[in-house]
Amino acid sequence: MDSTQQTHTSNEATAGESSSRSVSAEDQGVKDGANRLTSHSKDSRNRNPVPPNVDHEPASSTPNIENSAVPKITDLPHNFRFIVTSRPLGDINDEFHGVQHIRLMSMDDIPPAVAEIDIRVYVSKELEGLGFQDREFAVLAEKADGLFEWARLACEYIKEPHPGIFPIDCYEAVVSRDPAERSMLLHDMYRLILTDIIHRDTSTNAQHSQKLCSTALARFRLIMGQILGTAEPLPLASLNDIRDHFPKQEDHFDVKLMVKCMGSLLSGTTNPDSPIRPLHASFHDFLTDESSSGEFFIDLSKAQQDLAFASLRVMEHGLRFNICGLKSSYLPNSEVPGLRERVQKCIPPHLSYSSRFWTSHVRATAFDKELAKEVKLLFDRERVFFWLESLALINALSGAVPALSLISQWLKGHSESKDISSTAMDVRRFIQVSGGMVLHSTPHLYLSALPFSPANSPLLRQFSARFPNTLRVAFGRDMNWPAVQTVLRGHTGEVRSVSFSPDGTRIVTGSLYSTVRLWDAATGQPVGEPLRGHTDLVSSVSFSPDGTRIVTGSYGKTVRLWGAVMRRPSPQRTESDHSAFSDEHPIMYPIETATTTTQNTWNNHTISFSSNSIHALRNTSELTEGASHDDRSLTPFFLNSDSGWVVGPKHRLLFWVPLASRHQFYNPWTVLVIPRGCPELDLSRMAHGQHWQKCREEP
């Protein structure tokens with residue numbers, strides 16, 4: 001069930017219900033037998049299939065399905081069925097592929113939970129009478145990670161008599177968390193299989209054969225380094241797309257060249273859409289331990305460097321302005337038709353992966369001047385905003401905050417990279433202040449977040465000229481980023497307790513109204529729904545040391561334990577969705593309003609947030625389209641001081657104001673302000689609505 005595939009063959013067209021034993025056959029044996037299975041007659045009528053009862057030798061002896069113990073297929077009754085299990089190797093697949101009366105099944109498609117249950121039953125039977133309990137059986141099944149061969153070897157090792165050693169001692173060695181103490185059950189098997197794959201002699205010329213083996217071994221190390229080095233498993237196409245951007249041209253070869261031969265060690269080799277990963281964690285341990293793997297040793301530091309270069313270059317070629325073709329700046333992402341499908345199409349898996357994990361690969365690499373130049377190219381170009389845009393659309397923006405801190409640490413001590421480090425930390429503050437808004441409506445990354453950046457921000461100084469057609473802070477711009485990052489709004493009663501997670505990425509809060517909330521510390525966005533259960537004021541909250549659980553105490557004389565690994569809000573969950581911010585009662589109302597004076601009426605199509613009339617918004621017909629006469633008389637533009645959004649008719653988003661500027665935001669009803677200091681905006685060049693893409697100056 002682990003690394004094998006099943007092949008069902010039949011002499012009849014209709015299936016019947018039966019249990020069966022399997023004919024275990026591998027490699028050339030299965031290939032030879034395939035010719036016989038695929039050539040049998042399909043003209044059958046019997047409706048009661050009977051499975052064959054055939055035992056073969058262990059897999060290590062390479063049985064042959066031509067063995068005399070197996071009758072010829074044409075000599076059997078028509079109601080016989082065969083189940084053939086084998087490694088998912090290319091030659092075996094080729095023999096069975098396309099044959100109508102044979103059904104191929106990949107064991108990669110079997111849910112891990114099902115395999116774990118089967119393995120648990122197996123080990124409980126094998127270790128029966130040795131004093132083990134269900135708890136030990138469950139641990140062994142979990143450690144097997146779906147691999148029956150590991151479970152078989154573990155049981156043999158535990159049952160085998162050892163002088164002065166009890167079975168429980170062997171069990172502890174098998175399941176130990178310490179690699180130095182853990183029994184390396186599969187290492188001999190790994191060496192045997194890899195030797196067969198890499199050193200299979202196909203040439204009569206010894207020198208030529210040795211050269212081919214050296215080439216195969218080098219490519220094996222490169223491919224397995226990539227597979228083991230990725231932060232999450234990737235399917236074949238994505239591995240190839242990333243490999244095409246590796247630094248050395250000679251490394252741009254098809255990953256399938258090696259993967260197709262490793263079906264007994266890797267999952268996902270038979271399905272192009274399945275992530276490719278080691279069948280068992282011990283294969284990773286084996287390959288990264290030079291004393292165990294010898295010539296098959298994988299140096300992950302080299303792999304990390306290649307992946308760092310490749311990820312940055314994938315982004316260089318793949319990222320672009322308005323990558324998903326968002327048509328209007330008035331809409332939150334949640335109201336964009338078909339956005340999820342558009343994101344999947346426009347941000348392919350290898351680009352999504354590179355955008356999320358390039359920082360991890362850079363950080364895992366020793367400082368390198370050439371790699372630092374690649375990082376500098378990202379931060380020196382407007383591509384840094386395209387990167388933030390893609391992260392927002394795949395709902396991964398908050399992960400960039402701790403990652404950018406790591407990049408700054410990686411650059412520390414290298415004076416030639418001081419400017420890069422400064423820009424990286426500026427991007428980090430940019431996300432902390434504006435990230436929640438960008439997740440809500442991504443076009444406003446350019447239309448609102450960048451224009452409101454403080455005067456001393458490297459991002460504003462370097463890139464404002466590239467986006468000239470946005471709002472401009474005509475007066476009252478902040479010089480530096482504010483000390484207050486954001487305000488977490490959602491509780492409707494007093495907040496009585498607050499705690500940070502150990503890694504600083506989450507905040508948990510408890511309120512007067514008996515609710516507990518979890519927050520994303522980077523963006524201030526709520527994570528999941530409020531935690532309800534307490535019946536009185538929540539007076540204390542705290543994370544477990546590993547950050548996976550939360551404990552809360554209340555005046556109701558109860559303590560509750562919660563799982564802290566909660567789902568993130570989907571990209572469709574936004575600030576305009578009241579349930580994302582309110583425990584009990586949705587509250588959404590204007591605290592301050594910004595309207596037009598008598599001369600700035602909608603009849604004149606001007607909207608202004610400045611004392612100077614030349615700063616009024618132009619081309620307002622789309623913004624006011626569909627507003628009723630009553631709407632116009634009420635001039636429904638307002639600043640919501642909770643969310644920071646300035647919205648118009650039909651909840652159209654005009655722009656967003658950061659927290660530090662909201663309390664003193666300019667109100668045209670104000671006759672005089674002494675001293676002058678409220679931010680005033682120049683909207684005269686601002687592209688908006690369906691023309692928002694014009695905010696950028698074409699290169």
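A residue is called buried under 20% relative accessible area, exposed over 50%, and partly exposed in between. The model examined here is predicted.

**Exercise 1.** Determine whether Y122 is buried, partly exposed or exposed.

*Solution.* Step 1: the relative accessible area of Y122 is 23%. Step 2: buried requires a value under 20%, and exposed a value over 50%. Step 3: Y122 is therefore partly exposed, at 23%.

**Exercise 2.** Classify the ring pair of Y122 and F148, and state which parts of the chain the pair ties together.

*Solution.* Step 1: the structure holds 21 aromatic pairs. Step 2: in the pair of Y122 and F148, the ring centres are 6.0 Å apart and the planes stand at 70°. Step 3: planes over 60 degrees apart count as edge-to-face, so the pair of Y122 and F148 is edge-to-face. Step 4: Y122 belongs to helix α3 (residues 112-126) and F148 to helix α5 (residues 148-159), so the pair ties together parts that are 26 residues apart in sequence.

**Exercise 3.** Classify the ring pair of Y446 and W692, and describe its setting.

*Solution.* Step 1: the ring centres of Y446 and W692 are 6.3 Å apart, with the planes at 25°. Step 2: planes under 30 degrees apart count as stacked, so the pair of Y446 and W692 is stacked. Step 3: Y446 lies in helix α20 (residues 444-449) and W692 in the segment after β19 (680-682), so that this pair links distant parts of the chain, 246 residues apart. Step 4: both Y446 and W692 are buried. Step 5: the two residues also belong to one aromatic cluster, whose members include F321, F463 and W481.

**Exercise 4.** Describe how strands β17 and β18 are joined.

*Solution.* Step 1: strand β17 (residues 645-647) and strand β18 (residues 653-656) run antiparallel and are joined by 3 bridges. Step 2: V647 stands opposite L653 in β18. Step 3: the hairpin has 5 residues between the strands, and K650 in this hairpin takes a positive phi near 55°.

How values were computed
Residues are numbered from 1 along each chain as its sequence is written. This is a predicted model: local features need pLDDT of at least 70, side-chain atom pairs count only at pLDDT 80 or more; totals for chains, interfaces and linings use all residues. Side-chain values use heavy atoms; hydrogens and water are left out. Two strands pair if DSSP finds at least two bridges between them. Helices (H or I, at least four residues) and strands (E, at least two) are DSSP runs, numbered from the N terminus. Rings of Phe, Tyr and Trp (its six-membered ring) pair if their centres lie within 6.5 Å; planes under 30 degrees apart count as stacked, over 60 as edge-to-face and the rest as tilted. Buried means under 20% relative accessible area, exposed over 50%, partly exposed in between (1.4 Å probe, protein chains only).
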